[in-house]
Amino acid sequence: MGGRRGKGNLKRSLEPSVVGDKGVAAKNGAASLNGGLGQEITGVTMPEQGTIRGWAFGQDKTIACANVGGKYYAVGGACPRCGFDLYRGKLLTDREVWGKEPKVACPTCSTTYSLQTGEFGPEYKREGLAGFVSTWAKTATIDNASQDVDAYVITRDAESGKVFCRER
């Protein structure tokens, strides 16, 4: 499962603010920062191989970052279906079952999300109490519908150790 969520600090806000920061949503915003690597993130701990870590940034912005085979993947930190923390979810990497893209299963509603694209996928089947809770959580959501989660590209500079984030 995941580790503790680390408090991080972005050099620029991920969301546009009232004072005019363009954030990553601006046209060419993140693509033009740091040679196209995106915004520099400071104060975060990178996830260890095979784990997910949650990062919190100002104004309630969270990201779930996973390390799969030494490559970093990241999606928005909250499940769009039930609002629970995706960094607490199950990392799914079995290629025969889940395909070539690693996925994360929401720990509450069991909806799966591609860590590469953010697209929602099939439900992760659970048994017992966890299965009951995920069934209940799915029916408690508006229209019982899933939607995609934002996906991010995480880059770590080998020389400086700096970490960068941009929307996919």
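Two residues are in contact when heavy atoms of theirs lie within 4.5 Å. Keep that in mind while walking through this predicted model.

Start with the whole chain. It has three helices and twelve strands. Of its 168 residues, 43% count as buried. The accessible surface comes to about 9,400 Å², and carbon and sulfur atoms own 47% of it. Now look at contacts between residues at least 6 apart in sequence. Of these, 50% join residues at least 24 apart.

Aspartate 150 sits in the loop between helix 3 (128-139) and strand 11 (151-156). Leave aside its neighbours within four places in sequence. Aspartate 150 then touches Lys61, Ala74, Val75 and Gly76. Proline 80 is 70 residues away from aspartate 150 along the chain, yet their C-alpha atoms are 9.5 Å apart. Is aspartate 150 buried or partly exposed? Its relative accessible area is 43%, so aspartate 150 is partly exposed.

Next, follow a run of paired strands. Strands of a sheet pair through backbone hydrogen bonds, either parallel or antiparallel. Strand 4 (residues 52-57) and strand 5 run antiparallel, joined by six bridges. Here alanine 56 has threonine 62 of strand 5 as its bridge partner. Three residues lie between the strands of this hairpin, and glutamine 59 takes a positive phi near 55 degrees there.

Strand 5 then pairs with strand 6. Six bridges join them, again antiparallel. The hairpin has two residues between its strands, and glycine 69 takes a positive phi near 60 degrees.

Strand 6 (residues 71-76) also pairs with strand 11, through three bridges in the antiparallel sense. Valine 75 finds its bridge partner in alanine 151 of strand 11. Strand 11 goes on to pair with strand 12 (residues 163-167), antiparallel, over five bridges. In strand 12, phenylalanine 164 stands opposite threonine 155. Six residues lie between the strands of this hairpin, where glycine 161 has a positive phi near 80 degrees.

Return to strand 5. How many of its residues are buried? Eight of eight are. In a regular strand the side chains alternate between the two faces of the sheet. On one side of strand 5 are Lys61, Ile63, Cys65 and Asn67, and on the other are Thr62, Ala64, Ala66 and Val68. Both faces are covered.

What lies inside? In soluble globular proteins, nonpolar side chains tend to be buried together. The largest nonpolar core here has 16 residues, and Ile52, Leu86 and Leu115 touch the most other members. Strand 5 (61-68) and strand 6 each supply at least two residues of this core. Strand 5 gives the largest share, three residues. Apart from this core lies another, of 13 residues, including Met46, Trp55, Ile63 and Ile154.

Beyond its neighbours within four places in sequence, leucine 115 is in contact with Ala66, Tyr73, Ala74, Val75, Leu91, Pro102, Lys103 and Val104.

Another sheet is open, with four strands in the order 7-8-9-10 and antiparallel pairing. Strand 7 (90-92) and strand 10 (120-123) are at the edges. Each has a single partner strand, so one side of each is left without a neighbour in the sheet. From one strand to the next, the twist averages 30 degrees. Strand 7 meets strand 8 (residues 103-105) through three bridges. Leucine 92 has lysine 103 of strand 8 as its bridge partner.

In the loop between strand 8 and strand 9 (111-114) sits serine 110. Serine 110 is not a glycine, but its phi is positive, about 70 degrees. Serine 110 counts as buried because its relative accessibility is 0%.

Finish with the cysteines. The structure holds zero disulfides. A disulfide would need two cysteine sulfur atoms within 2.5 Å. For cysteine 106, the nearest cysteine sulfur is that of cysteine 82, 3.4 Å away. Cysteine 165 has cysteine 65 as its nearest, with the sulfur 8.5 Å away. Cysteine 106 counts as buried, at 0% relative accessibility. Cysteine 165 is buried too, with a relative accessible area of 0%.

Definitions and conventions
Residues are numbered from 1 along each chain as its sequence is written. Side-chain values use heavy atoms; hydrogens and water are left out. Buried means under 20% relative accessible area, exposed over 50%, partly exposed in between (1.4 Å probe, protein chains only). Accessible areas come from the Shrake-Rupley method with a 1.4 Å probe; for residues, only the protein chains shown count as cover. Two strands pair if DSSP finds at least two bridges between them. Axes are lines fitted to C-alpha atoms, for helices over the stretch in contact, and angles run from 0 to 180 degrees between N-to-C directions. A nonpolar core is a set of buried Ala, Val, Leu, Ile, Met, Phe, Trp, Tyr and Cys residues joined through side-chain atoms within 4.5 Å.
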